[in-house]
Amino acid sequence: MKIWTSLDQVPGDQKSVVTIGNFDGMHLGHARVIGSCVDRAKKRGCESVALTFDPHPRSVHQPGRPVPLIMTTQDRLDAMAVTGLDATLLAHYDRSLYSLSAEDFVQEYLVERLGAVEVVVGEDFRFGQGNAGTVDTLRQLGRMFGFDVTMVTDVVSPGGRRWSSSWVRELLQLGNVEEAASVLGRFHRVSGLVVHGAKRGRELGFPTANVSAPGQLLPADGVYAGWLVREAELPGQDRWGGGQEFLPAAISVGTNPQFGGTNRTVEAHVLGRSDLDLYDEEVTVVFVRRLRPMLSFASVSDLLAQMDEDLRHTAQTLGVRTARRVDPEAVTAGA
């Protein structure tokens, strides 16, 4: 998938079926809209192109209430590429863009640069200055500029709720990563560098990778079963579609109230491993199931007993062999 980060990079001579949206989280509703765009482009024999934005518009209009992003921009682009899109225009969202009228936006972005012969959008699509443009507005402009408009109906849950990024954020903030996964179509994850922490876990036999994930949406405080994913150099293997190592992990999200912590952290303990040195490595943490909320215990002994149970429950959830706490003297990270 080609990625353009400005209008100047777009060739301007192609014919395209275009879809437009923020696509944060790339949930099943997004996948339906983009999938329709790709299918329509194949039938027309032209390119499928997505127009998306960075930063998130709400973070620009309400800087005091920035949107907690479900995924990083790179993860979003990766998820969009998997759909089969030919290209994505990642437009910088600022005054020069959001002050355009609906007609000017369509003419400048869709017609003159992207060469739209058809535009595919969802039911709730809004665009132009003050979000005044609707799907009906787009249809009127399509007749003016000579492109078709296809509206894709919403994906709706069995309970009647529309699939949306807002719903995913709500579920994650409740710690309900399993239901969030049913909306996303995959498990929620965060990515970042492994940084040095207080190292209390290693002293207790539970060494953890402290993952810095600024600006990403963390699920509610608690302990989760999941995976720590790292890049793996496999001899003779093409990195595309491979070269990743999935390690079963018990994941803690929270402030570590047992020891008076105040900063929220993401810490992942890989089951049974004392030999991993992940400092300064970029990793991904995948959340599969919440096991319990974050708690304070009457003693360290009580905490250790619960952590032993967390290891057992994690192994059971992930379908891997159970593991005990490791020997603190055997931990090699940072040695």
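Modeller: A crossing of two helices is called left-handed if the near helix is turned anticlockwise from the far one by less than a right angle, and right-handed if clockwise. The model is predicted, and local features need pLDDT of at least 70, side-chain atom pairs count only at pLDDT 80 or more, while totals for chains, interfaces and linings use all residues. Residues are numbered from 1 along each chain as its sequence is written, and side-chain values use heavy atoms, with hydrogens and water left out.

H5 and H6 pack at an angle of about 55°, and their axes are 11 Å apart (axes are lines fitted to C-alpha atoms, for helices over the stretch in contact, and angles run from 0 to 180 degrees between N-to-C directions). That angle makes H5 oblique to H6 (under 35 degrees is roughly parallel, over 145 roughly antiparallel, 65 to 115 roughly perpendicular, the rest oblique). The crossing of H5 and H6 is right-handed. On the H5 side, Ala102, Glu103, Val106, Gln107, Leu110 and Val111 make the contact, and on the H6 side Thr137, Leu138, Leu141, Met144 and Phe145 (contact means heavy atoms within 4.5 Å). By class, the contact of H5 with H6 holds eight nonpolar, two polar and one charged residues (Ala, Val, Leu, Ile, Met, Phe, Trp, Tyr, Cys and Pro are nonpolar, Asp, Glu, Lys and Arg charged, the others, Gly among them, polar).

Helix H7 (residues 165-173) and helix H8 (residues 177-184) form another packed pair, at an angle of about 160° with their axes 8 Å apart. That makes H7 roughly antiparallel to H8. The crossing of H7 and H8 is left-handed. Trp167, Val168, Leu171 and Leu172 of H7 meet Val177, Glu179, Ala180, Val183 and Leu184 of H8. The residues of this contact divide into eight nonpolar, no polar and one charged.

Next is the barrel. Six strands close into it in the order E7-E8-E11-E10-E9-E12, with antiparallel pairing (two strands pair if DSSP finds at least two bridges between them). On average, neighbouring strands of this sheet are turned by 45° against each other, direction ignored. Helix H10 (residues 300-318) lies across strands E9 (222-231), E10 (244-254), E11 (265-270) and E12 (282-292), and runs at about 100° to E12.

Leucine 193 has serine 212 in E8 as its bridge partner, and valine 195 has asparagine 210 in E8. E8 also pairs with E11, again in the antiparallel sense and over three bridges.

Valine 211 lies in E8 and stands opposite valine 266 in E11. With a relative accessible area of 3%, valine 211 is buried (buried means under 20% relative accessible area, exposed over 50%, partly exposed in between, with a 1.4 Å probe and protein chains only). Not counting residues up to four places away in sequence, valine 211 touches Ser191, Gly192, Leu193, Val194, Val266, Val283 and Val285. The C-alpha atoms of valine 211 and serine 191 are separated by 7.5 Å, although these two are 20 residues apart along the chain.

In helix H3 (residues 73-82), Asp75, Arg76, Leu77 and Met80 are buried. Their cover includes E7 along with strand E1 (2-4), helix H1 (28-44), strand E3 (47-54) and strand E4 (87-92). Just after H3, glycine 84 takes a positive phi of about 100°.

Some backbone details remain, in the loops. Methionine 26, in the loop between strand E2 (16-20) and H1, has phi near 45°, a positive value in a residue other than glycine. Methionine 26 is buried, at 5% relative accessible area. Aspartate 280, in the loop between E11 and E12, has a positive phi too, near 70°, but at 63% relative accessibility aspartate 280 counts as exposed. The peptide bond from aspartate 54 to proline 55 is cis, with omega near 0°, and proline 55 is found in the loop between E3 and helix H2 (57-61).

Technical notes:
Helix = DSSP H or I, 4+ residues; strand = E, 2+ residues; numbered from the N terminus.
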